[in-house]
Amino acid sequence: MGLKRILSGMRPTGKLHLGNLHGALKNWVDLQEGGQYDCFYFVADWHAVTSEYSSTEDIKNNAINMVIDWLSVGLDPKKSTLFVQSAVKEHAELFLLLSMITPLAWLERNPTYKEMKTELSNKDLSTFGFLGYPVLQAADIIMYKAHGVPVGVDQLPHVELTREIARRFNFLYKEIFPVPEPLLTSVPKLLGMDGRKMSKSYDNSIYISDRDKVLQQKIASMFTDPQRMRRSDAGNPEICNVFSFHGLYSPKQKVAEIDAECRKAGIGCIDCKKILAQHVAENLKPVHERMDYYTNHLDEIHAIIDEGNQKATKIACQTMNEVRDAVKI
Ligand code: TRP
Ligand code: SF4
């Protein structure tokens, strides 16, 4: 196949929320459907261990559930290769070799590393593995000679490090690896129910799997324009998270109507949210149908993952033959 390859991964930290859906998954599906790229998407379960090493019991289950979420939103194993990192042991070998050529200073100055260490201060992340997180990520990417890496801005430092590591390998041994480009995903600004960034750890997320009462209640509890205290106050949709969701889920005409009505207090937030809940539910209906199907056909999930693992392994083995040859080991 002459198509350029792209690759992206996600850590299996639990069920995915609408922030993940609009921030990454929709883009993955678009890239798959665009027919421009040979798409590889994988579960970064070893990366999950870097921060969850003291409680690893959920990782395996999370990985399966995450793949169910992926398939439910439209990733198609006939079009994309879906695999699990830890099933392709070659990642560990390439990680090891890359670790030999990666200067410590590159890792120590990585902004994500510094941030996460302060943010997750309840965990001891002063480990070799956590510092080396981007080296493993570099191995993931260059293993498949990916030309593009679809990611959000938060991952740019990691892709930049990957580029430096790939160049260093090419310089020291042999020109094997393309230097990958980030394919930046533009992320619509969706906040959690409480107005903070939607995040599993804040307990403010609407999950892709949420439906019926749970979905309605979560939407009903969303923060709105904070200046609109009473029903009779005019609102400002531009600063309202509910309105951002309308933009993604409601028909254009409805969005325009709500925009106008909100500004003159013609619609109240309770009704506005009810309308939103309806549209979100309608939109997610086919997703939930696929989710129900796969949840009841776990054997199919395992077969899909096995097949993806085999496809990935085949390429990884070819790359590692070249790598061993180049490193003369
Ligand atoms: N670090 C990425 C994240 O947290 C996950 C990841 C691991 C990844 N390996 C990758 C993303 C390779 C893109 C390419 O989201
Ligand atoms: Fe937000 Fe809708 Fe309330 Fe306006 S009416 S403030 S858009 S929830």
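Q: Starting with Lys264, is that residue buried or exposed?
A: In this predicted model, Lys264 is exposed, because its relative accessible area is 57% and the cut-off for that class is over 50%.

Q: And which residue forms a salt bridge with Lys264?
A: The partner of Lys264 is Glu261, and the closest N and O atoms of the two are 3.6 Å apart. Glu261 has a relative accessibility of 26%, so this residue counts as partly exposed.

Q: What about Arg263, which residue does that one form a salt bridge with?
A: Arg263 forms a salt bridge with Glu238, with 2.8 Å between the closest N and O atoms. The two residues come from distant parts of the chain, 25 residues apart: Arg263 belongs to helix H12 (residues 252-263), while Glu238 is in the loop between helix H10 (212-220) and H11.

Q: How is the relative accessible area of Glu238 classed, buried or exposed?
A: Glu238 is exposed, with a relative accessible area of 61%, whereas Arg263 counts as partly exposed at 36% relative accessibility.

Q: How many salt bridges does the count come to?
A: The count comes to 17 salt bridges. Another of these pairs is Asp38 with Arg5, where the closest N and O atoms are 3.4 Å apart.

Q: Where are Asp38 and Arg5 in the chain?
A: Asp38 is in strand S2 (residues 37-43) and Arg5 is in strand S1 (residues 4-10), so that this pair, 33 residues apart, links distant parts of the chain. Asp38 has a relative accessibility of 12% and therefore counts as buried, the limit being under 20%.

Q: Which residues are linked in a network of salt bridges?
A: Glu160, Arg163 and Glu181 are linked in such a network.

Q: Changing topic, which residues are around ligand 2?
A: Around ligand 2 there are Thr224, Asp225, Arg228, Cys240, Val242, Phe243, Cys262, Cys269 and Cys272. Two elements give two or more residues each to this shell, namely helix H11 (241-249) and helix H13 (269-295).

Q: And what is the space taken by ligand 2?
A: That space is the largest cavity.

Q: Helix H8 next: how many of its residues are buried?
A: In helix H8 (residues 133-143), 11 of the 11 residues are buried, which means that the helix is largely enclosed by the rest of the structure. The buried residues of H8 include Tyr133, Pro134, Gln137, Asp140 and Met143.

Q: Which residue with a positive phi follows H8?
A: Lys145 follows H8, and its phi is positive, near 50°. Lys145 lies in the loop between H8 and strand S4 (148-151), and this residue counts as partly exposed because its relative accessibility is 23%.

Q: Where does Asp203 lie?
A: Asp203 lies in the loop between strand S5 (181-184) and H10. With a relative accessible area of 67%, Asp203 is exposed.

Q: Then the nonpolar surface patch, which residues make it?
A: Phe171, Leu172 and Tyr173 make a nonpolar surface patch of about 330 Å². Of these, Leu172 is placed in helix H9 (residues 156-172), and Leu172 counts as partly exposed because its relative accessibility is 39%.

Q: Where is Met116, and is it buried or exposed?
A: Met116 is in helix H6 (residues 111-119), and with a relative accessible area of 19% this residue is buried.

Q: Last one, where does Ser55 lie?
A: Ser55 lies in the loop between helix H2 (45-52) and helix H3 (59-72), and at 30% relative accessibility Ser55 counts as partly exposed. The C-alpha atoms of Ser55 and Leu107, which are 52 residues apart along the chain, are separated by 25 Å.

How values were computed. Residues numbered from 1 in each chain as written. Chains lettered and ligands numbered in written order. Predicted model: local features only at pLDDT ≥ 70, side-chain atom pairs only at ≥ 80, totals over all residues. Heavy atoms only, no water. Patch = residues over 30% accessible without salt bridge, like charges linked within 9 Å, V, L, I, M, F, W, Y side chains within 5 Å. Areas by Shrake-Rupley, 256 points an atom, 1.4 Å probe, with all protein chains shown as cover. Salt bridge = Lys/Arg side-chain N within 4 Å of Asp/Glu carboxyl O. Helix = DSSP H or I, 4+ residues; strand = E, 2+ residues; numbered from the N terminus. Buried < 20%, exposed > 50% of the residue type's maximum accessible area, 1.4 Å probe, protein only. Near = heavy atom within 4 Å. 1 Å grid on protein atoms, 1.4 Å probe; cavity = no way out; pocket = protein on both sides within 12 Å on 5 of 7 lines; lining within 4 Å. Sits in = over half its atoms within 2 Å of the grid points.
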